[in-house]
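User: I am new to this structure. Please take me through the terms and how each one is applied.

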Amino acid sequence: MAVPESLSRAQARRIALAAQGLADPTPTGVPTRRHLRRVLDRVGLIQMDSVNVLQRAHYLPLYTRLGPYPTTLLDTAAYRRPRELFEYWGHEASLVPVGLHPALRWRMARARDEAWGGMRRIAQEQPELVAWVRDEVAARGPLTAAEIEHDAPRETGHWGWNWSTVKRALEYLFWAGEVTAADRTPSFARRYDLPERVLPPAVLDAPTPGEADAHRALVAVAARSLGVAAEPELRDYFRLPAAGARRAVAELVEAGELTPVTVAGWQQPAYLHAAARLPRWVRGNTLVSPFDPLVWERGRAERLFDFHYRIEIYVPAPQRVHGYYVLPFLQGERFTARVDLKADRRAGVLLVPAAWVEPGADPGETAVALAAELYRLAGWLGLDAVAPPEGGDLAGPLAAALVGVAGVR
């Protein structure tokens with residue numbers, strides 16, 4: 001696209017959606033590894049989370065972009081040779097393309113100073129424990145934390161270890177890059193092993209860049225995945241230090257990879273990536289995970305979509321506004337609804353505790369589109385039915401629309 005000096009909010013919104021792969025056509029058949037790679041190229045990394053009220057968080061961004069797909073596609077890329085992804089601290093706990101391992105080694109090297117407090121204290125105060133845990137992984141891995149703890153000396157031992165200390169030692173080693181995730185158990189417990197037994201040799205043998213080069217590489221990934229963004233959002237994508245991110249942005253501007261632009265309604269300067277696309281329109285209806293990179297940065301979601309969104313998982317139930325696990329509904333280039341969802345796997349039903357329409361959206365049209373999407377999601381999850389919504393200002397229209405969809409299935 002020709003590089004403009006300014007963008008309307010609608011243009012910025014379409015650029016952002018295209019950059020995230022939400023303007024790409026969904027596969028007509030069963031998605032393949034090629035489709036997976038296309039999504040990874042768009043989003044840069046995938047956030048993980050342990051909440052499983054609907055579906056594990058890392059599976060949902062691919063569903064949003066590909067529609068129903070076999071989750072084994074992602075499992076194989078992350079946990080089978082030749083691996084294309086590895087677990088590490090990217091945005092939060094994330095699946096990251098293995099090619100970015102060298103660019104994240106600066107974070108591994110800072111583990112003793114920057115890992116969370118409990119991990120740092122273990123490394124500083126009980127180095128014998130950390131060494132013992134690493135030796136256990138080296139000798140017997142892959143292992144879960146529980147399997148390591150099972151053989152650890154108890155309080156009668158001369159170091160006084162227990163599960164919490166063993167777990168913190170293991171997490172410190174994970175932060176430091178001395179162990180990594182070999183795979184996950186059915187209960188989602190991480191199984192740890194040495195990097196040399198998990199990651200491709202070419203990745204481990206790749207030279208380690210200096211911090212400035214690493215920060216620039218990560219900001220470049222963020223910029224390509226965001227399309228157009230302010231500096232704090234480029235920094236937040238991989239949770240980079242402020243000074244390093246600012247320097248990286250300046251260097252990418254100088255190299256012509258980023259262009260400063262103004263966006264209507266944005267107070268902060270914005271940066272447009274050289275590969276950004278501006279589609280004429282964005283079509284399709286899809287649900288978006290609370291942990292999707294499209295809505296990671298809440299201020300950006302408000303500036304682009306006029307959409308105020310918060311995750312209420314950790315909010316006490318009486319204080320929640322929209323529900324526990326609420327997914328925004330993207331209709332074309334607008335968020336038109338949000339819906340609280342829960343998978344009742346035993347009954348085979350997708351539960352809808354609440355459904356809400358966004359200001360300015362037509363409740364009837366939104367309900368019809370959302371009902372079809374809920375049945376599509378239910379089918380992907382292996383559920384047979386969608387329950388009528390229990391609350392929310394879209395409950396009535398959505399209940400009627402669900403009956404219509406069920407009647408033609």
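Analyst: Start with burial. Buried means under 20% relative accessible area, exposed means over 50%, and partly exposed lies in between (1.4 Å probe, protein chains only). Helices (H or I, at least four residues) and strands (E, at least two) are DSSP runs, numbered from the N terminus. This is a predicted model: local features need pLDDT of at least 70, side-chain atom pairs count only at pLDDT 80 or more, and totals for chains, interfaces and linings use all residues. Residues are numbered from 1 along each chain as its sequence is written, and side-chain values use heavy atoms, with hydrogens and water left out.

User: Which residues of helix H7 are buried?

Analyst: H7 covers residues 117-125, and its buried residues are Gly118, Met119, Ile122 and Ala123. Seen down the axis of H7, they fall within an arc of 135°, so they line one face of the helix. The arc is that of the directions from the helix axis to the C-beta atoms.

User: What puts the buried residues of H2 on the same side?

Analyst: Those residues are His35, Leu36, Val39, Leu40 and Val43. Their arc around the axis is only 140°, which puts them on the same side of H2. They pack against strands S2 (46-47) and S3 (85-89), and against helices H3 (60-66), H4 (72-79) and H12 (211-226). Gly44 follows H2, and its phi is positive, near 85°.

User: Why is Pro31 called buried?

Analyst: Its relative accessible area is 6%. The limit is under 20%, so Pro31 counts as buried. Pro31 sits in the loop between helix H1 (9-19) and helix H2 (33-43).

User: What does Pro31 touch?

Analyst: Contact means heavy atoms within 4.5 Å. Leaving out residues up to four places away in sequence, Pro31 touches Leu66, Pro68, Tyr69, Pro70 and Leu73.

User: What makes the protein as compact as a globular protein of its length?

Analyst: Its secondary structure comes to 17 helices and 15 strands. The radius of gyration is 23 Å, close to the 22 Å that the globule rule gives for 409 residues, so the protein is as compact as a globular protein of that length. The radius is taken over C-alpha atoms, and the rule is 2.2 Å times the number of residues to the power 0.38. The C-alpha trace spans about 70 × 55 × 40 Å along its principal axes.

User: How many of the residues count as buried?

Analyst: Of the 409 residues, 54% count as buried. Among contacts with a separation of 6 or more, 65% join residues 24 or more positions apart.
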